Amino acid sequence: MTPHAPASPAAPATTHDAAASLTTMPLAEVEKQLETSADGLSATEAAKRLEQYGPNEIAEHHTNALLTFLSYFWGPIPWMIEVAVILSGVVGHWADFFIILVLLLANALVGFLEERQAGNAIEALRGKLAVTARVRRDAAWVTPAARDLVPGDVIRLRLGDIVPADARLLEGDEIEVDQSALTGESLPITCAAGNPVYSGSIIRRGEIGALVYATGTHTYFGKTAELVQDAHTVSHFQKAVLKIGNYLIILAAGFVAVIIVVSLLRGNPVVTTLQFALVLTVAAIPVAMPTVLSVTMAVGARLLAAKQAIVSKLVAIEELAGVDILCADKTGTLTRNTLTLGEPFCAEGITAAEVTTAGALASRADDDDPIDLAVLGGLSDADDLQSYTVTHFVPFDPVHKRTEATVTAGDEASFKVSKGAPQVILALAADAAAIAPTVNGAVNDFAARGFRSLGVARAEDGGNWHFLGVLPLFDPPREDAASTIATAQAMGVRVKMVTGDALAIAKETATKVGLNSSILDAAGLGDSKKTEDEATGQAIEKADGFAQVFPEHKYHIVDVLQQRGHIVGMTGDGVNDAPALKKADCGIAVSGATDAARAAASIVLLTPGLSVIIDAIKESRKIFQRMNSYATYRIAETLRVLLFVTLAILVFNVFPVTAIMIVMLALLNDGAILSIAYDNVVYRSQPEAWNMKTVLGIATVLGVVGPIAAFGLFYLGEKVFHLEHPQLQTMMYLMLSVAGHLTIFLTRTRGPFWSIRPARILVLAVLGTQIVATLIAVYGLFMTPLGWGWAALVWGYAIVWALLSDRIKLLAYRILDPVPAPKPSPVNSGTQAAGGKDNA
């Protein structure tokens with residue numbers, strides 16, 4: 001495997017059959033089919049084709065900003081909130097009207113701005129295209145905008161140029177093309193006449209003419225952009241909120257309908273009944289739920305930012321908590337993306353230092369060539385070359401495929417050194433025939449291990465060339481790659497390596513980073529439109545990595561894994577990664593990623609290495625625990641209030657609380673619960689997932705136990721203590737408020753409520769709101785005064801029931817989800833900024 005040998009890049013799979021065939025058919029046939037020649041097109045013909053094919057650019061798909069904003073008002077929970085807004089206005093409850101309306105608008109605005117800030121991957125891709133191009137029109141060279149190129153145009157490509165469209169190379173010397181942004185390969189490839197070059201590639205060496213055969217979205221680059229545009233994934237968070245919303249809608253609609261029907265049948269005043277039904281509906285609607293969950297994720301995003309992980313889409317935090325497969329791009333992610341010199345093969349009687357020094361003398365740092373820099377970097381001491389003077393240097397050229405330097409060392413006679421393709425250097429040696437088997441064996445061994453080889457030779461002044469040895473070049477793994485993969489696997493996340501490099505390189509790298517060598521060749525996989533059979537799907541699921549991968553393969557791999565029930569994370573840094581980053585449940589752009597990759601990703605890492613991903617997973621699992629706790633609490637509280645009020649009206653024909661009490665109850669509860677975003681939690685050592693059976697089950701159990709406790713106090717107040725009804729209503733208001741807030745401490749743990757110490761801010765928030773609620777009840781703000789004695793009784797009663805409810809909760813967990821509560825360990829212990837250490 002030689003570094004400068006001609007290579008014909010594999011044509012990417014494409015849905016554009018014509019463009020695909022034009023990459024492989026003889027050049028003469030291409031010219032015939034495109035009705036052109038090496039002299040290019042006339043300006044008139046080019047104008048006609050521009051009209052026919054369209055401009056050479058990626059079409060933008062603009063979404064109406066107003067429609068995007070309005071979409072945040074569509075869905076079960078927004079519908080419930082909107083109904084509450086309308087009913088509040090109809091009956092003249094203007095305080096409720098404006099409070100609920102502000103919450104509704106605020107949530108929509110936060111979501112809209114978040115989406116706008118996430119970035120536009122298509123725009124970033126478009127920015128990668130060349131601005132102008134050198135084109136032959138009417139037998140003269142002109143430089144129109146790259147967007148004006150058409151199939152059939154003849155262009156000139158020079159050092160440093162970005163290839164403006166897919167083209168076939170015309171007659172001329174070989175060139176070196178950097179396709180790393182497209183394929184992820186570490187080194188530039190050598191392309192000769194007839195080879196295709198792709199839009200977005202960069203010319204690293206040489207100059208040549210080329211015939212354009214595909215432009216705009218018909219290019220390989222254009223297809224990448226289309227994949228990004230077409231990638232849409234509904235988050236598991238959105239699905240969970242939808243299920244919670246549906247559950248609460250059914251509860252609220254059912255109970256309110258029963259109250260209205262029964263009240264009207266009993267002859268209760270219609271206006272009073274409707275007003276109370278409205279207030280009860282408002283209490284049942286989780287008005288603050290979207291805001292609380294967004295704040296919880298936003299707080300988590302700030303914590304991740306402190307760890308150098310920027311979250312561009314908040315729902316990615318919840319998705320990252322559930323990721324069970326992480327597809328990691330090899331180049332620049334698992335490896336350093338820099339060539340490094342390995343242990344050289346030495347000819348008989350030659351030392352490794354002699355081979356490396358000779359290779360370094362035949363290199364020149366000024367050219368900024370990655371191979372030369374790798375060889376120079378392989379010197380044990382940079383001062384080793386100080387005693388040598390290079391009097392003449394012949395740079396690499398595609399014809400001779402080697403570099404050569406004439407060197408002097410003090411008073412000694414001058415000598416020559418050369419490095420290049422092993423077979424070329426071997427041919428220089430006088431004893432080539434004798435040493436060829438050994439040298440070829442070494443080169444083949446390096447190739448099997450994924451190394452690229454350079455031959456090195458030396459000739460004394462006027463003497464014959466002597467073959468010194470072979471220098472192996474490779475892209476080494478990052479220092480933290482193996483430990484990161486091991487930690488990820490311990491946390492239930494399976495890592496799969498994805499690379500555009502050859503199978504041998506992929507296997508060698510996989511072994512070095514701690515993965516197995518079960519690597520699939522992606523050339524046998526379908527593209528994004530193909531449905532794989534069961535056998536292939538299982539192979540993709542079981543593989544430890546994929547080699548020779550193109551963008552549509554990455555996208556397809558993610559798609560297949562998602563279809564098989566996995567939550568997939570994808571890391572990457574190049575344009576080639578953008579489609580898969582957007583398609584994945586959680587796309588992660590690593591440090592140094594292109595604009596296209598960053599725009600498509602949900603999380604952008606600012607520091608090199610993968611260890612920050614582990615920190616992000618840990619933090620996201622903590623955030624998930626907080627959201628799960630809040631969802632359970634919110635459902636339980638809604639059910640508690642609805643059940644208690646409905647049964648009181650149906651069974652006792654009394655309103656146990658007033659409408660204003662329910663409004664105040666909702667405001668105080670939702671105000672305090674925001675602090676759960678800072679709560680202490682212990683994350684699980686396995687990926688998280690919304691278990692709606694458990695969430696709804698535990699919430700329902702607590703929501704049923706609550707009314708039992710409330711009716712017990714109601715009975716005591718009415719039958720034992722003989723309180724007047726207005727004072728009894730105040731007592732029940734305080735009971736619902738205190739018991740509701742104590743429920744927060746029950747839902748935040750799977751184990752006993754004391755198993756994890758709550759964050760100080762949560763304790764203070766609950767105490768603060770309950771002090772306010774107690775003062776309101778004791779002194780009678782908007783209600784009949786209760787007095788301190790009765791208030792103390794309510795607190796004591798509520799605490800006793802909370803302790804009993806906690807035991808019932810533990811029993812419910814054992815029945816519904818018999819999984820042991822998470823405990824801190826060397827893998828999953830940690831601290832939380834707002835509340836100190838986790839205690840379990």
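This is a predicted model: local features need pLDDT of at least 70, side-chain atom pairs count only at pLDDT 80 or more; totals for chains, interfaces and linings use all residues.
**Exercise 1. Work out the strand order and pairing of the open sheet of 3 strands.**

Solution. The order is β6-β5-β8, and the pairing is antiparallel. Strands here are DSSP runs of E, at least two residues long, numbered from the N terminus. Two strands pair if DSSP finds at least two bridges between them. Next, find the edges: β6 (189-191) and β8 (202-205) each pair on one side only. Then take β5 (residues 175-178): 3 bridges join β5 to β8.

Numbering starts from 1 along each chain as its sequence is written, and side-chain values use heavy atoms, without hydrogens or water.

**Exercise 2. Describe how helix α13 meets helix α25.**

Solution. Helices are DSSP runs of H or I, at least four residues long. Start with the axes, lines fitted to C-alpha atoms over the stretch in contact, with angles from 0 to 180 degrees between N-to-C directions. The axes of α13 (residues 315-322) and α25 (residues 611-652) come within 8 Å and cross at roughly 105°. That makes α13 roughly perpendicular to α25, a class covering 65 to 115 degrees. Now list the contact residues (heavy atoms within 4.5 Å). From α13 come I317, E318, L320 and A321. From α25 they include F624 and M627.

**Exercise 3. Find what share of the 840 residues in the chain is buried.**

Solution. Apply the cut-off: buried means under 20% relative accessible area with a 1.4 Å probe, protein chains only. Buried residues make up 56%.

How values were computed: Angles under 35 degrees count as roughly parallel, over 145 as roughly antiparallel, 65 to 115 as roughly perpendicular and the rest as oblique. Buried means under 20% relative accessible area, exposed over 50%, partly exposed in between (1.4 Å probe, protein chains only).
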